[in-house]
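Student: Hi, I'm new to this one. Could you walk me through it?

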Amino acid sequence: MDLLDSMAEAAKGMKAQGVRMRVISENLANAETTSTQKGGNPYQRKIVTFKDMVDKTDNQEEVTVDKIQSDKSDFILKYDPSHPAADANGYVKMPNVNPLIEMMDMREAQRSYEANLGVIDIAKGMLSETLDQISR
């Protein structure tokens, strides 16, 4: 049934955005997490990548999480010679997490999640209306 397929595809999109939200939350929670060792690396931001694939059973395109990988951008150096993780020059490597970017990514993921939820609501309403028409 096409409406049920639409609901299933939207649910897969919601699941992918849920994974993205979890990773963004992890990034925000660790935005200030430094190394416990002198001169060591801090928390490294993670990025979710998606891929399009075709479901062989119904020949439908769908988006799934491809992988969660580390962001290879540079760490931020902060001068704090009293910090336990400071290197010989007094610099502490801070995570490569920008809370503003994370919040923008979170808002985008939320909007995508809501759009998929809207598809489910519309399909559910159409199914309900169809059942009402049949039962009359």
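Student: Let's start with V119. How exposed is V119, and what is its relative accessibility?
Tutor: V119 has 37% relative accessibility, so V119 counts as partly exposed. The cut-offs: buried means under 20% relative accessible area, exposed over 50%, and partly exposed in between, with a 1.4 Å probe and protein chains only.

Student: Is this a predicted model or something else, and how are residues numbered?
Tutor: This is a predicted model, where local features need pLDDT of at least 70, side-chain atom pairs count only at pLDDT 80 or more, and totals for chains, interfaces and linings use all residues. Residues are numbered from 1 along each chain as its sequence is written, and side-chain values use heavy atoms, with hydrogens and water left out.

Student: OK, where is the place of V119?
Tutor: V119 sits in helix 2. Helices (H or I, at least four residues) and strands (E, at least two) are DSSP runs, numbered from the N terminus.

Student: And which residues is V119 in contact with, leaving aside neighbours within four places in sequence?
Tutor: Those are S6 and A10, where contact means heavy atoms within 4.5 Å. V119 and A11 are 108 residues apart along the chain, and their C-alpha atoms are separated by 9.2 Å.

Student: What does N116 touch?
Tutor: N116 touches A10, G13 and M14, again not counting residues up to four places away in sequence. N116 is found in helix 2, which covers residues 99–135.

Student: What about I101, where does it lie?
Tutor: I101 is in helix 2. With 35% relative accessibility, I101 counts as partly exposed. The C-alpha atoms of I101 and L28 are separated by 10.0 Å, and the two are 73 residues apart along the chain.

Student: Let's zoom out. How many helices and strands does the protein chain have?
Tutor: There are 2 helices and 4 strands, and from the N terminus on they run α-β-β-β-β-α. The radius of gyration of the protein chain is 22 Å, well over the 14 Å that the globule rule gives for 136 residues, so the chain is more spread out than a compact globule. That radius is taken over C-alpha atoms, and the rule is 2.2 Å times the number of residues to the power 0.38.

Student: What does the C-alpha trace span along its principal axes?
Tutor: About 80 × 30 × 20 Å. Buried residues make up 28% of the 136 residues.

Student: New topic: how many aromatic pairs does the structure hold?
Tutor: It holds 1 aromatic pair. The rings of Y79 and Y91 have centres 5.3 Å apart and planes at 65°, so the pair is edge-to-face. Rings of Phe, Tyr and Trp (its six-membered ring) pair if their centres lie within 6.5 Å; planes under 30 degrees apart count as stacked, over 60 as edge-to-face and the rest as tilted.

Student: Which strands do Y79 and Y91 lie in?
Tutor: Y79 lies in strand 3 (residues 76–79) and Y91 in strand 4 (residues 91–94), so the pair ties together parts that are 12 residues apart in sequence. Y79 counts as exposed at 54% relative accessibility, while Y91 is partly exposed at 35%.

Student: Last one: where is D80 found?
Tutor: D80 is in the loop between strand 3 and strand 4. Leaving aside neighbours within four places in sequence, D80 is in contact with A86, G90 and V92.
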